Every structure is written in structure tokens, then in C-alpha cells.
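This report describes one protein chain, from its overall layout to selected residues. The sequence and the model come next.

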Amino acid sequence: MQGCFPAFIAAKKENLEWKNFFCKNSSFLNNIGGNMIPLNLWEHQNSIKTLYANCVKEVRIHHKITRMELDILLFLANNPCFDTAKEIVEIRCLSKSQVSSSLKLMETYGYVRKEYAGGNRKTVHLKICPAAADIVRDGKLAQKKFLEILLLGFSEEERETMGRFTSRIWENIHTYLKEEV
């Protein structure tokens with residue numbers, strides 16, 4: 001089971017660009033347990049993360065906030081039904097301590113506030129404050145730019161299909177992770 005890495009190393013020695021290599025060799029498959037699965041998309045997940053980081057970088061610099069703070073604000077803005085620190089940690093797979101410290105700072109900045117629902121004083125619900133409105137607006141524009149770059153050249157039908165497949169993959173991952181715990 002050698003995969004594409006030896007071929008990629010050989011291509012690097014020949015000074016071929018990585019882009020040309022993967023375009024010409026995009027059908028590389030890895031045999032795991034007798035099942036053939038395409039790994040090309042998964043091998044490039046760091047490129048996707050880097051693209052996203054580049055898209056939100058100006059927002060972070062302009063508003064003088066950390067990536068974690070921006071991610072939390074955008075998560076709350078994009079997912080109003082998931083408004084607790086526990087949900088942020090579980091859904092985004094982030095560290096409890098980082099989420100907690102970021103939320104404490106954002107509370108002091110006036111970007112988020114804590115609320116309790118009804119008589120339940122145990123569960124803290126997070127709400128975005130007006131002071132964070134510009135950050136959220138700029139962050140959503142950066143996310144829109146990211147998606148435009150990522151989905152350039154895809155038809156609406158292809159985007160919808162990709163969305164359905166991505167949702168199913170996400171559900172499979174989270175189901176598996178819940179069963180393993």
C-alpha cells in the first residue's frame with residue numbers, strides 16, 4: 001500500500017508543480033482494508049483551512065480579535081439555535097478552555113452577553129451584542145468570499161449536491177464520534 005506519496009516525491013524531484021501533479025494524478029486511491037477510497041479531497045483539507053484563514057485574516061486584524069473569537073462570533077451568528085459554550089465545543093470540536101477564555105474576553109469587550117432561559121440558571125445562553133455587529137458583518141463577508149473562491153465554476157445543482165453529500169458525511173462523522181465516546 002504505497003499511495004501517491006512516493007509518486008509525489010518523485011514529481012517533486014523532477015521539479016513538477018504540486019498542482020500539476022495532483023491534477024494529472026487526481027485518481028490516486030488508497031487501499032485500506034480492501035476498500036478503495038479517494039483521498040484527494042482529504043489530503044487537501046489543510047489547503048482549505050489555509051484559504052479560510054486568509055479570507056478572515058483582514059477581519060481579525062482590522063477588529064483586533066483572535067481567530068477563536070471570530071470563529072465563536074460567526075458560529076453564534078450563523079447558528080442561533082446553538083447558543084451555549086457546550087454546543088460550540090461539541091459542534092466545532094474546539095477546546096473547552098479556549099472557548100471559555102475567549103468568551104470571557106469577548107464578554108469584557110461587550111461582544112457577547114450571557115442569558116438564562118426561563119427558570120433554568122444552569123444553562124447559559126450566549127447572545128451577540130451590538131458592539132460585535134461590525135465584526136459579524138465583516139466576518140460573514142469574508143465567509144462569503146471564501147465560499148465564492150471554493151465553489152468557483154460549480155453550477156447551482158452541483159452546489160446543492162455537494163451540500164447534501166457534505167451534510168451526510170458530517171452526520172456520519174458525528175454519529176461515529178458519539179458512538180465511540
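Among contacts in the protein chain between residues at least 6 apart in sequence, 49% link residues at least 24 apart; contact means heavy atoms within 4.5 Å. This is a predicted model, in which local features need pLDDT of at least 70 and side-chain atom pairs count only at pLDDT 80 or more, while totals for chains, interfaces and linings use all residues. Residues are numbered from 1 along each chain as its sequence is written, and side-chain values use heavy atoms, with hydrogens and water left out.

## Overall layout

The protein chain has 9 helices and 4 strands. Both kinds of element are DSSP runs numbered from the N terminus, helices being H or I with at least four residues and strands E with at least two. Read from the N terminus, the order of elements is α-α-β-β-α-α-α-α-α-β-β-α-α.

Of the 181 residues in the protein chain, 26% are buried. Here buried means under 20% relative accessible area, exposed means over 50%, and partly exposed lies in between (1.4 Å probe, protein chains only). The protein chain exposes about 13000 Å², and carbon and sulfur atoms supply 56% of that area. Accessible areas come from the Shrake-Rupley method with a 1.4 Å probe, and for residues only the protein chains shown count as cover.

## Salt bridges

A search of the whole structure finds 6 salt bridges. The term stands for a side-chain nitrogen of Lys or Arg within 4 Å of a carboxyl oxygen of Asp or Glu.

Asp71 and Arg67 both belong to helix 5 (residues 67-78), where they are 4 residues apart, about one turn of the helix. Asp71 has 8% relative accessibility and therefore counts as buried. Arg67 is partly exposed, with a relative accessible area of 30%.

Asp83 is buried, at a relative accessible area of 9%, whereas Lys127, at 27% relative accessibility, counts as partly exposed.

Arg137 and Asp134 are both in helix 8 (residues 133-150), 3 residues apart, about one turn of the helix. Arg137 is partly exposed at 44% relative accessibility, and Asp134 is partly exposed with a relative accessible area of 42%. Salt bridges with shared partners join Asp134, Arg137 and Asp138 into one network.

Val59 is part of helix 4 (residues 45-63). Its relative accessible area is 8%, so Val59 is buried. Leaving aside neighbours within four places in sequence, Val59 is in contact with Leu70, Ile135, Asp138, Gly139 and Ala142.

His174 is found in helix 9. With 15% relative accessibility, His174 counts as buried. Not counting residues up to four places away in sequence, His174 touches Glu90, Ile91 and Cys93.

## Surface patches

Patches are made of residues with over 30% relative accessible area and no salt bridge; like charges are joined within 9 Å, and nonpolar side chains (Val, Leu, Ile, Met, Phe, Trp, Tyr) within 5 Å. Lys and Arg count as positive and Asp and Glu as negative, while His and the chain ends are not counted. The place of a charge is taken as NZ of Lys, CZ of Arg, CG of Asp or CD of Glu.

Which residues form a negative surface patch? Glu156, Glu157, Glu158 and Glu160 do. Glu160 lies in helix 9 (residues 156-180) and, at 46% relative accessibility, counts as partly exposed.

A nonpolar patch on the surface is formed by Ile169, Ile173, Tyr176 and Leu177, which together have about 350 Å² of accessible area. Ile169 is placed in helix 9 and counts as partly exposed, at 34% relative accessibility.
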